[in-house]
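Q: Could we go through this model together? I would like to begin with the ligand surroundings.
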Amino acid sequence: MTIRVAIIGTGGISGAHVRGLREQGDDEVELVAAVDIDAVQVKKFCTAFDVARGYTDVDEMLAKEKPRLVHICTPPSTHCALSVKALRAGAWVLCEKPLCGSLAEFDQIAAAEQETGNYCSSVFQWRFGSAGQHFKRLIEAGEFGRPMVMICNTTWYRDVAYYQVPWRGKWRTELGGPTMGHGIHAMDHLLYHMGDWREVTATMGTLYHNIEVEDVSMAMVKFENGAMGSIVNSVISPRQETYYRFDFENGTVELKELYTYTNANWTFTATPGPESHLHEARWRTIADDAPATQGSQIRHLLHSMAHNERPLVSGPEARRTLEFLSAMYKSAVTRRPVARGEIGPGDAFYQHIYGDPPPRFNR
Ligand SMILES: NC(=O)c1ccc[n+]([C@@H]2O[C@H](COP(=O)([O-])OP(=O)(O)OC[C@H]3O[C@@H](n4cnc5c(N)ncnc54)[C@H](O)[C@@H]3O)[C@@H](O)[C@H]2O)c1
């Protein structure tokens, strides 16, 4: 049966969602409607992408269109309320990152999932490229041995004009800087491969931009599997790059790109030894070459819908990343290490990811 899809929020990222949907089979999904509080914007979007009906009211769209899948592409502070609304209207949700603004909000979404039987997943397209999936399978098969040293750098550049968009740069509407908005992809991907983290120590600064939120954050993390990692998230790095380095007992795996990757962006280097070339040849053999895009994530989501299974980046998997980010803010504000599990109801960093009152990070 064709799945009726609606998109809420028709700004910058919505085009990537349309392209992702249109990569799927015509009989699998149909984009039936779009909503934006800006009437001009939604009209422009419907014309550009040949979408039949545009709305400015989310409730009206949900009542009339009864979509089975809703994509949420609005600014971060609106994500939780819109996700809960769509779940209650009978839809599954694919919500842009960050999924929500706090563990308290996450738990509201989890309760709505429980109440409705529908699932809400967060966009983390980096998990869905075929090289990333291949790497995950190799780790699970024990190919690399003990994980030891991890590097995860999101060194991006955003100019002053980027922060002129009214919702950006403010705690209340963007919910954070490169920790919540940019490095979130790479950090989620790191946690996907490393599993549970144990403790994080972070520091943050607002070094360049005239904004409320941080423009750089750094962290040191210990994982339950014994590995240690270093993380940099920046929007003030003129030569932009996303870089990972995973050093295991049996070899080093690296990924260098910017916003997405294909197989060619990964390198596998075995620990020197008589069979290292054989290991490398095996590690480099990847069956498919699907890019890390919204389209690849949507394909996975449709499979989950067909089998009524929880999609990959939802529930505990999504909560782990959000808890990690909450702990980074808590560590940066309190200037001490934060352990997994310590941020519960009653903690200021449970209610708001950045705590209460909103912090100011000095130069
Ligand atoms: N996955 C990625 O790689 C990626 C990349 C860029 C942006 N994003 C995320 O996508 C989201 C949107 O970013 P953007 O750059 O497209 O923003 P944008 O400002 O360009 O577009 C947001 C749109 O949502 C509309 N909107 C605001 N509140 C609304 C509401 N309550 N109901 C309906 N429409 C509403 C606005 O009018 C606007 O047209 C953000 O959460 C951002 O972090 C993700």
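A: A residue counts as near a molecule or strand if its C-beta atom, placed from the backbone, lies within 6 Å of it. This is a predicted model, in which local features need pLDDT of at least 70 and side-chain atom pairs count only at pLDDT 80 or more, while totals for chains, interfaces and linings use all residues. Residues are numbered from 1 along each chain as its sequence is written.

Q: Which of the 23 residues around the ligand come nearest?
A: Those are Gly 9, Gly 11, Gly 12, Ile 13 and Glu 96.

Q: And the shell by class?
A: The shell around the ligand has ten nonpolar, nine polar and four charged residues. Here Ala, Val, Leu, Ile, Met, Phe, Trp, Tyr, Cys and Pro count as nonpolar, Asp, Glu, Lys and Arg as charged, and the others, Gly among them, as polar.

Q: Moving on, what are the domains?
A: Domain 1 comprises 3-124 + 296-310, and domain 2 comprises 126-291 + 322-339; such bounds come from an automatic or database domain assignment. The C-alpha centres of domain 1 and domain 2 lie 26 Å apart.

Q: How many residues are in contact there?
A: 13 residues of domain 1 are in contact with 18 residues of domain 2, where contact requires C-beta atoms, placed from the backbone, within 7 Å.

Q: Which element gives the largest share of the domain 1 side?
A: That is α11, with three residues. Both α5 (103-116) and α11 (294-306) supply at least two residues of that side. Helices (H or I, at least four residues) and strands (E, at least two) are DSSP runs, numbered from the N terminus.

Q: Next, how do α6 and α9 pack?
A: Helix α6 (residues 130-140) and helix α9 (residues 184-194) meet at an angle of about 30°, their axes being 9 Å apart. The two are therefore roughly parallel, a label for angles under 35 degrees. Axes are lines fitted to C-alpha atoms, for helices over the stretch in contact, and angles run from 0 to 180 degrees between N-to-C directions.

Q: Which residues make that contact?
A: From α6 they are Gly 132, Phe 135, Lys 136 and Ile 139, and from α9 His 189, Tyr 192 and His 193.

Technical notes:
Angles under 35 degrees count as roughly parallel, over 145 as roughly antiparallel, 65 to 115 as roughly perpendicular and the rest as oblique. Two residues are in contact if their C-beta atoms, placed from the backbone, lie within 7 Å.
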